[in-house]
2 protein chains.
Amino acid sequence: MTKPLANDRLLRALLRQPVDRTPIWIMRQAGRYLPEYRATRTRAGSFLDLCQNPELACEVTLQPLRRFPLDAAILFSDILTVPDAMGLGLYFEAGEGPRFRDPVRSLADIERLPVPDPEQELRYVMDAVRLIRRELDGSVPLIGFSGSPWTLATYMVEGAGSRDFAETKRLLYGEPQAMHALLQKISAAVTAYLNAQIQAGAQAVMIFDTWGGSLTPRHYREFSLAYMQRIIAGLLREQDGERVPVVLFTKGGGAWLEWQVEAGADALGLDWTIDIADAAERVGDRVALQGNLDPSVLYAGDDVVRAEATRILESFRRPTGHVFNLGHGIHPGIDPERVATLVETVQRYRQP
Amino acid sequence: MTKPLANDRLLRALLRQPVDRTPIWIMRQAGRYLPEYRATRTRAGSFLDLCQNPELACEVTLQPLRRFPLDAAILFSDILTVPDAMGLGLYFEAGEGPRFRDPVRSLADIERLPVPDPEQELRYVMDAVRLIRRELDGSVPLIGFSGSPWTLATYMVEGAGSRDFAETKRLLYGEPQAMHALLQKISAAVTAYLNAQIQAGAQAVMIFDTWGGSLTPRHYREFSLAYMQRIIAGLLREQDGERVPVVLFTKGGGAWLEWQVEAGADALGLDWTIDIADAAERVGDRVALQGNLDPSVLYAGDDVVRAEATRILESFRRPTGHVFNLGHGIHPGIDPERVATLVETVQRYRQP
């Protein structure tokens with residue numbers, strides 16, 4: 001028997017049910033812009049140590065909620081824990097970002113990849129989810145997440161972050177069947193991973209397709225969207241009698257909203273390169289929208305933060321179906337005071 | 001009295017005049033993927049030495065034309081020569097990309113910036129243009145170019161390449177009037193620079209808006225497109241009795257083609273994230289289109305290069321108004337043999 005949520009605005013808005021005001025959470029709200037996060041990170045040792053320690057992952061997940069009255073918590077983790085659990089050997093080079101010891105380059109490599117059991121190889125994530133739910137104690141919902149298959153594939157094939165995805169594109173164009181085999185395997189892993197998060201207590205889940213925008217339109221459908229659709233079709237959509245909403249977010253994918261609507265998600269994430277009024281018109285009443293303030297607005301002063309946030313709120317002219325967020329993760333150099341102003345602005349606003 | 005062009009397909013296609021076949025050139029066709037370029041670069045010393053030496057700049061401009069029967073030459077230079085001439089002190093840190101010794105951060109910095117005389121501070125570029133025209137000897141047209149004001153501003157304010165444009169966005173959101181003052185000054189410099197290139201012999205010019213796609217739609221119009229429009233309005237559009245076509249290219253700007261059409265360019269560049277058939281339908285017969293093969297296709301084999309190039313040619317269902325190109329600059333790791341295959345494929349193709 002689960003305690004009912006004290007604040008269920010996020011879930012209601014994602015499901016386009018009536019809300020008293022627009023809910024807000026912030027991508028990467030638990031992160032480097034918070035001094036308390038940096039302190040915990042130092043205490044943990046490495047970034048990976050932090051991800052793999054449920055108590056510390058829980059602590060940093062809750063940190064932004066102690067500062068700001070956010071309408072949701074999001075699990076602190078990294079999208080690359082899944083490929084790590086698939087045996088690629090994730091590590092972080094100082095100042096260089098993520099690396100894999102054993103990147104995937106051939107069909108043989110792909111066939112060798114295991115589909116991990118999330119309660120075994122990714123147990124530390126599930127333990128964090130359970131712990132966070134307990135600590136949240138019904139205050140706000142907890143969002144779980146995963147990277148999209150295409151996005152995870154770029155890291156798994158490159159072995160690192162990339163600008164032009166040379167090896168990944170080489171595989172896509174040169175050996176499309178091998179790429180499909182890889183994406184299928186990742187999709188199976190992600191489906192199991194998100195379902196395990198839902199069973200452990202995640203009340204909504206989001207799929208981050210950070211690099212879908214690097215594809216041609218045709219390849220976006222074939223190599224990214226199709227696999228997200230497959231994952232969504234395989235997700236538990238109800239847990240403890242409550243609907244579990246799914247958010248799909250392709251950065252740089254604003255041109256393809258009409259296709260994204262078909263993927264079966266309850267909501268679509270928007271980056272800041274699209275006008276939310278146009279997006280709302282294009283998707284109609286078939287999905288909710290999440291976004292879409294330029295994260296760089298937070299570099300400016302409070303007046304600008306208020307004006308730009310209000311502009312988005314005013315553009316979204318419906319009584320529900322909007323979750324306020326940034327169009328991408330918050331930058332590490334942002335002053336937390338700007339976030340306080342943003343949250344206050346959104347929470348004071350009422351649709352006329 | 002100028003010699004008439006032996007091959008004027010590029011100019012004709014940009015002006016939507018009849019052509020026997022689709023012309024092709026390749027962004028960054030003179031570049032690191034060519035061993036002869038790397039040899040000249042080594043001989044020159046630094047990249048900047050190469051840009052500033054008209055004889056060597058001419059040599060590398062012509063190198064790709066000796067290998068491939070391309071339909072145009074493009075001036076070898078760098079978009080950052082203009083801010084360098086404005087006194088910012090361009091230098092290159094080994095393995096780190098471009099840097100400016102004196103980035104622009106305040107209105108006082110901006111007001112202090114001179115608008116350079118292209119025949120003085122950028123004389124080495126004009127000398128290269130004159131030399132290249134002489135060496136081309138009427139074989140194919142020479143394309144001149146500049147970065148867009150917004151794109152140049154990002155480097156001038158950051159002092160280097162950037163991922164999130166923190167300082168530039170801080171200025172845009174926090175001090176929009178200062179940003180406008182900067183963009184006005186850059187626009188004046190770019191207009192003079194492109195007109196000097198035209199007078200020195202550039203037969204078409206292209207404006208590269210590499211970072212326009214980092215803006216919100218509203219800010220794209222206000223801070224990037226408006227200034228490109230202003231520049232285009234100030235360009236010499238005829239030289240030696242010939243029309244000088246202008247190409248405008250915003251990477252990541254496919255959602256904004258309808259606005260770009262209004263800027264007065266003869267052609268719009270497309271990256272690979274948009275279907276050229278859709279783009280053609282959206283712009284109608286008001287502009288030509290240039291693009292839009294994913295540069296990463298060249299990592300695959302010849303069969304894939306042929307198939308993907310043919311797909312684009314077939315999608316563009318009009319008798320003229322298309323210039324084949326990549327959707328962005330060619331990657332340094334590409335095998336020149338793939339380029340040979342691409343050029344041959346495009347040049348053999350005939351619109352049914």
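Analyst: Start with pairing: two strands count as paired if DSSP finds at least two bridges between them. The model is a predicted one.

User: What makes strand 5 and strand 8 of chain A a pair?

Analyst: Strand 5 and strand 8 (residues 246-250) of chain A share 5 bridges, in the parallel sense. The cut-off is at least two bridges, so the two strands pair. Within this pairing, A:Ile207 has A:Leu248 of strand 8 as its bridge partner.

User: How do you know that strand 4 of chain A pairs with strand 5?

Analyst: By the same test: 5 bridges link strand 4 (residues 142-147) to strand 5 of chain A, and the two run parallel. At least two are needed, so this is a pair. A:Gly147 lies opposite A:Phe208 of strand 5.

User: Why is strand 5 of chain A called mostly covered?

Analyst: A residue is buried if 20 or more other C-beta atoms lie within 10 Å of its own. In strand 5 (residues 204-209), 6 of the 6 residues are buried, so the strand is called mostly covered.

User: Which residues of strand 5 of chain A are buried on each side?

Analyst: In a regular strand the side chains alternate between the two faces of the sheet. On one side A:Ala204, A:Met206 and A:Phe208 are buried, and on the other A:Val205, A:Ile207 and A:Asp209 are, so both faces are covered.

Terms used. Residues are numbered from 1 along each chain as its sequence is written. Chains are lettered from A and ligands numbered from 1 in the order in which they are written. This is a predicted model: local features need pLDDT of at least 70, side-chain atom pairs count only at pLDDT 80 or more; totals for chains, interfaces and linings use all residues. A residue is buried if 20 or more other C-beta atoms lie within 10 Å of its own, exposed if 12 or fewer, and partly exposed in between; C-beta atoms are placed from the backbone. Helices (H or I, at least four residues) and strands (E, at least two) are DSSP runs, numbered from the N terminus.
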